[in-house]
Amino acid sequence: MNNKKVQVWLPLLFSITMIVGMYLGFKMRDNMPGKSFFYLEKRRPIQEIMDLIQNKYVDEVKADALADTAIQAILNKLDPHSVFIPAEQLQGVNEDLAGKFYGVGIEFNIFNDTINVINVIKDGPSFKAGVLTGDKFIAVEDSAVAGKKIDADKIRKLLRGDRGTKVNIVFLRGTEQRKVTIERGAIPLNSLDASYMMDNGVGYIKLNKFSQQTYREFMDALMALKKQGLQKLILDLRGNGGGILDEAVEIADELLPGDKLITYTEGKHVAKKEYRCRREGQFEKGGLVVLADEGTASASEILIGALQDWDRATIIGRRSFGKGLVQEQFDLSDNSALRLTIARYYTPLGRSIQRPYANGEKAYYDEISNRFHDGETQSADSVKNDTSKIYKTPGGKKVYGGGGITPDYFVALDTSGFSISTAKLYAKGVIGNFAYKFYLQNLPQLKIYKTPSDFVKTFSFTENNWKEFVTIAAKDSITLSNISAKEKADITNRINSSIARQLWRTEGMVQVLNTEDNTVKKAVELIQK
């Protein structure tokens with residue numbers, strides 16, 4: 001009798017259990033964003049359109065390229081710094097932030113359809129394998145790399161690869177053909193362009209970006225300068241487009257005393273986060289000047305804003321770019337990535353220095369080029385400060401929000417030595433090519449200079465050297481016979497800096513250029529008062 005009752009009720013119990021389980025399961029699903037009970041996924045019009053194009057369109061189409069275009073069109077409705085990074089570009093972007101890539105460690109240029117090694121990174125893979133500046137690559141593995149169809153991007157792909165892998169190179173040294181096998185290794189993408197001592201205890205450091213290696217590079221340079229008697233520091237952030245926020249914060253911590261606020265970030269979906277000094281810094285006292293211009297952006301502006309708000313540094317140069325948005329990178333399923341703006345950052349006084357972007361990306365970036373045309377780069381009176389957003393530092397100095405960091409001392413862009421002839425020299429790479437050949441032809445004489453400082457003090461570019469340069473420029477249809485004395489001096493300094501670059505890479509180049517740089521001269525004048 002009992003067995004019969006169980007047999008009657010058992011199906012009903014199973015049914016009730018199943019219904020309860022389904023209900024609980026769907027209720028759990030309800031808690032997921034955008035889901036509800038008995039939810040059916042609704043296809044978006046954008047996906048429907050992509051499917052119709054792929055299945056119905058009259059001609060063959062590249063669906064991935066169309067999808068990338070659609071994504072970019074969506075992002076254009078947000079802000080200028082939310083960007084889609086295609087898969088083929090992502091590695092390069094990540095390498096730049098990481099501050100390194102894996103390759104053979106050379107710089108090259110293409111002359112007469114031939115790969116010329118113009119620099120070999122000291123202690124890098126090619127250096128260890130015996131490759132020299134002036135060698136000419138004619139084959140990489142089984143691929144010929146000489147001739148009219150030579151492509152620089154193709155060469156880079158051939159030379160780069162995973163760490164520890166090997167690549168076979170055939171090259172010419174003079175008229176002799178040689179072969180070498182190079183084991184790829186880590187090649188630094190340095191953030192630090194130059195670091196050296198000037199006179200009277202003044203040190204100079206130039207940073208070109210903020211990567212994962214920037215704080216370490218900065219500290220190595222700072223500690224080396226302190227050993228040489230550093231008392232005052234010029235930090236050059238001109239042209240530094242930013243990078244990793246945390247690296248800028250770490251450097252600020254070395255320059256600001258106490259537990260001062262450095263910056264804070266906040267967004268609709270991101271809670272307010274403060275970044276403060278956490279330790280005793282290595283240069284909390286002593287004169288500090290920071291150089292800035294319209295290319296100084298993002299993480300650079302975070303650093304400059306903190307130093308200016310706390311009256312810790314004097315800012316010299318021109319108004320900075322004006323980027324006060326924070327991006328986070330999200331990796332996507334096809335190995336591409338989305339760099340999405342998630343927050344705004346603010347200086348310690350609460351300044352947002354983000355420029356308006358409501359008129360679209362083109363107008364946003366045109367504002368930078370317009371500064372050169374409307375006089376802002378030539379006169380402090382033309383600087384467009386947002387007077388509705390005025391703040392005061394603890395020392396009583398007025399500072400502005402809403403459009404970049406305005407310097408404490410304005411230095412105009414020097415255009416007096418820049419003519420059409422000079423522009424052609426830069427566009428055609430004549431100066432760099434001449435310096436490379438000059439280096440190879442005069443190597444024994446140049447090797448007597450042990451440091452960039454020695455070179456700056458005693459190297460002389462003679463009148464005969466100038467005549468040789470004028471002749472080479474003429475072959476590129478560039479006439480230099482009627483240029484002004486100022487322009488000749490500027491070009492000569494550029495040639496000298498390019499020769500120094502052949503000897504010491506960017507360290508030498510920057511040190512020579514600084515001898516005639518008006519902003520650096522002003523910085524030295526102010527910091528020594």
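Mentor: Begin with one residue. G147 has a relative accessible area of 24%, so G147 is partly exposed. Keep in mind that this is a predicted model.

Trainee: Let me step back to the whole chain. How many helices and strands does the protein chain have?

Mentor: The count is 17 helices and 21 strands. The C-alpha trace spans about 120 × 65 × 50 Å along them.

Trainee: What share of the residues counts as buried?

Mentor: Of 529 residues in the protein chain, 42% are buried. The cut-off here is under 20% relative accessible area. Turn to the surface next. The protein chain exposes about 28900 Å², and 53% of that comes from carbon and sulfur atoms.

Trainee: And contacts along the sequence?

Mentor: Take the contacts between residues at least 6 apart in sequence. In the protein chain, 67% of these join residues at least 24 apart.

Trainee: Give me a buried case to read.

Mentor: Look at S211. It is found in the loop between β11 and α7 (214-227). Its relative accessibility is 1%, so S211 counts as buried.

Trainee: Which residues is S211 in contact with, leaving aside its neighbours within four places in sequence?

Mentor: There are contacts from S211 to D96, L97 and G99. S211 is also in contact with S191, I244 and E247.

Trainee: Now a residue in a strand.

Mentor: Strand β9, residues 185-188, holds it. A186 is partly exposed because its relative accessible area is 36%. The limits for that class are 20% and 50%.

Trainee: What is the phi of N200?

Mentor: It is positive, about 55°, and N200 is not a glycine. The loop between β10 (192-197) and β11 (202-207) holds N200.

Trainee: Is N200 buried or exposed?

Mentor: Exposed. N200 has 60% relative accessibility, so it falls in that class.

Trainee: On to helix packing. What describes two packed helices?

Mentor: Two values do: the angle between the axes and the distance between the axes. Apply that to α12 (residues 430-441) and α16 (residues 485-514). They pack at an angle of about 55°, and their axes are 9 Å apart. That angle makes α12 oblique to α16. The crossing of the pair is right-handed.

Trainee: Which residues make the contact between α12 and α16?

Mentor: From α12, they are I431, F434, A435, Y436, F438 and Y439. From α16, they are I491, R494, I495, S498, I499, Q502 and L503. By class, this contact of α12 with α16 has 10 nonpolar, two polar and one charged residues.

Trainee: At what angle do α15 and α16 cross?

Mentor: Roughly 90°, and the axes of α15 (residues 463-475) and α16 come within 12 Å. So α15 is roughly perpendicular to α16.

Trainee: Which residues of α15 and α16 meet?

Mentor: α15 brings E463, W466 and F469. α16 brings K488, I491, T492 and I495. Sorted by class, the contact of α15 with α16 has four nonpolar, one polar and two charged residues. Note I491 and I495 of α16: they meet α15, and they also take part in the contact with α12.

Technical notes
Residues are numbered from 1 along each chain as its sequence is written. This is a predicted model: local features need pLDDT of at least 70, side-chain atom pairs count only at pLDDT 80 or more; totals for chains, interfaces and linings use all residues. Side-chain values use heavy atoms; hydrogens and water are left out. Helices (H or I, at least four residues) and strands (E, at least two) are DSSP runs, numbered from the N terminus. Buried means under 20% relative accessible area, exposed over 50%, partly exposed in between (1.4 Å probe, protein chains only). Axes are lines fitted to C-alpha atoms, for helices over the stretch in contact, and angles run from 0 to 180 degrees between N-to-C directions. Angles under 35 degrees count as roughly parallel, over 145 as roughly antiparallel, 65 to 115 as roughly perpendicular and the rest as oblique. A crossing is left-handed if the near helix is turned anticlockwise from the far one by less than a right angle, and right-handed if clockwise. Contact means heavy atoms within 4.5 Å. Ala, Val, Leu, Ile, Met, Phe, Trp, Tyr, Cys and Pro count as nonpolar, Asp, Glu, Lys and Arg as charged, and the others, Gly among them, as polar. Accessible areas come from the Shrake-Rupley method with a 1.4 Å probe; for residues, only the protein chains shown count as cover.
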